[in-house]
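Thanks for coming. I will go through one structure, starting with its strands and ending at the ligand. Please have a look at it first.

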Amino acid sequence: MPADDAAASAAVRHRTQVGIVGAGPAGLFLSHLLARAGIDSIVLEDRSRDYVESRIRAGVLEQGSVDLLNAAGLGARMGREGLAHAGIEIRFEGRGHRIDFLALTGKAITVYGQHELVKDLIAARLAEGRPLHFDVSDVAVAGFDGDSPSIRYREDGETHEIACDFIAGCDGFHGICRPSVPAGVLALYERSYPFAWMGILAEAPPASKELIYAHHERGFALLSMRSPTLSRLYVQCGPEDDVAAWPDERIWDELQRRTATSDGAFRVPQGAVLQKGVTPMRSFVAEPMQCGRLFLAGDAAHIVPPTGAKGMNLAMADVHYLTQALVARYRSGSMDLLDGYSARCLRRVWKAQRFSWWMTTMLHRHPEDSPFDRRRQLAELDYLTGSEAAMRVLAENYVGLPLE
Ligand code: PHB
């Protein structure tokens, strides 16, 4: 027997309808929506439960994402602990300018940490006793170009193989699903930025009720939060900077300087730094978001720079469309929505790419910028905050474009 066949026969075999690689917001939310529609899935994750529940990531949910979570019965804790925000502040040249989302669009956003949502999704999955495997290794997807996709992985020293109808690649930018697509199928679109964010989670009350995005000649700063006692704060840093280059005092000093108001009255409340890390800035799209019976969702298919707060929301929209398509396939046999999955997602994805790129370029200090560019940037901020039409453009995109 050839070695491969021997390994295959030794594998523990499983069967499900949808094999899901990755237990982040995309994979977990997909498994939940499918279960509600009576579709079975198995979720695999190569990290530990503790890791995915504690990694600090994004924190802003669009109104549409909140609506999806509520409709799926997942909104209880988010409703209690999430912070509803009706606007944001754009600060530059020492002055703040509020953009009133509610007045401009009738919608708001909710600040709720991604890891909190992940905890809720894991709890819901486990409460229903449905399969969710952490700490698996050597995950490999195969057969999606034909009718019998499969996923192999190792768990507790044994090899397993899941036979499934479809595979959902929800395993993030560094996952294995996208690279498993044969060469030549995907077109990759990418932009990197000559800066990153140094972010901290601090035991300090938020500086203000709403998020503050600050443009400053020393670089961008963002004041966000996770709760009435926890702040999430970022300063623009070099793309290669590591945390060693940014002791706490340096971060606090930059935060204070970049967010200072002309009247000298504003201070960012300081406190113990609980976590510190670098957020890279990248725009990336893989097209199409599918290959045969493999469907990519969330960061596996696209990355946005965090300035527009779109990442988690795009993942949820993908999964919403993928669920609709899989439900149609299982209920009526129709492949139409599955065939159109990528095109449907990408229309929204590219608009979010454009918005995230625009927010990023408008608010950051670009090392290459000429004095002309800097004047133009300030004129753009001045126009934005002085024109109701321009503020509405920002607001409409920030609260989230409509989900079909
Ligand atoms: C965050 O709270 O982590 C956050 C908020 C808004 C952003 C990015 C990150 O644009």
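**Strands, sheets and a ligand**

Strand β14, residues 187–192, and strand β20, residues 282–287, run antiparallel and are joined by six bridges. In this pair, Tyr-189 stands opposite Val-285 of β20. When I say strand, I mean a DSSP run of E with at least two residues, and a helix is a DSSP run of H or I with at least four residues, both numbered from the N terminus. Two strands count as paired if DSSP finds at least two bridges between them.

Some housekeeping. This is a predicted model, in which local features need pLDDT of at least 70 and side-chain atom pairs count only at pLDDT 80 or more, while totals for chains, interfaces and linings use all residues. Residues are numbered from 1 along each chain as its sequence is written, and side-chain values use heavy atoms, with hydrogens and water left out.

Back to β20. Strand β23, residues 302–303, is joined to β20 by two bridges, and these strands also run antiparallel. Here Phe-284 has Ile-303 in β23 as its bridge partner. Next comes the peptide bond between Glu-287 and Pro-288, which is cis, with omega about -5°. Pro-288 sits in the loop between β20 and β21, the latter being residues 290–291.

Now the sheets. What is the strand order in the open sheet of six strands? The order is β9-β3-β2-β13-β22-β21, and the pairing is mixed. β9, residues 132–133, and β21 are at the edges with a single partner strand each, so one side of each has no neighbour in the sheet. Within this sheet, β2 (residues 18–21) and β13 (residues 166–169) run parallel, joined by four bridges. Val-18 has Phe-166 as its bridge partner in β13.

Two helices pack on this sheet. Helix α2, residues 25–36, touches β2, β3 (41–44), β9 and β13, and its direction makes about 160° with that of β2. Helix α10, residues 311–332, touches β2, β13 and β22 (294–296), and its direction makes about 175° with that of β13. Contact here means heavy atoms within 4.5 Å. For the angles, axes are lines fitted to C-alpha atoms, for helices over the stretch in contact, and the angles run from 0 to 180 degrees between N-to-C directions.

Another open sheet has seven strands with mixed pairing, in the order β7-β6-β16-β17-β18-β15-β19. Its edge strands are β7 (95–100) and β19 (272–279); each has a single partner strand, so one side of each is left without a neighbour in the sheet. From one strand to the next, the twist averages 20°.

At one end of that order, β6 (residues 87–92) and β7 run antiparallel and are joined by six bridges. Gly-87 stands opposite Asp-100 in β7. The loop between β6 and β7 holds Glu-93. Phi of Glu-93 is near 50°, a positive value in a residue other than glycine. For background, most residues other than glycine have a negative phi, and most peptide bonds are trans.

Helix α9, residues 248–259, lies across β6, β15 (196–203), β16 (212–214), β17, β18 and β19, at about 85° to β18. Helix α13, residues 371–386, lies across β6 and β7, at about 145° to β6.

Last, the ligand. Which residues come nearest to the ligand? Of the 13 around it, they are Tyr-213, Ser-224, Arg-226, Tyr-234 and Pro-306; a residue counts as near if one of its heavy atoms lies within 4 Å. The shell around the ligand has eight nonpolar, two polar and three charged residues. β17 (221–227) and β18 (230–237) each supply at least two residues of the shell, and β17 gives the most, with three.

An N or O atom in the side chain of Tyr-213 is 2.7 Å from an oxygen atom of the ligand. A polar side-chain atom of Arg-226 also lies 2.7 Å from a ligand oxygen atom. Taken alone, the ligand exposes 280 Å², and the protein buries 98% of that, with areas from the Shrake-Rupley method and a 1.4 Å probe.

How values were computed:
Polar contact = N/O pair within 3.5 Å; in protein donor to acceptor, adjacent residues only side chain to side chain. Nonpolar A, V, L, I, M, F, W, Y, C, P; charged D, E, K, R; others polar.
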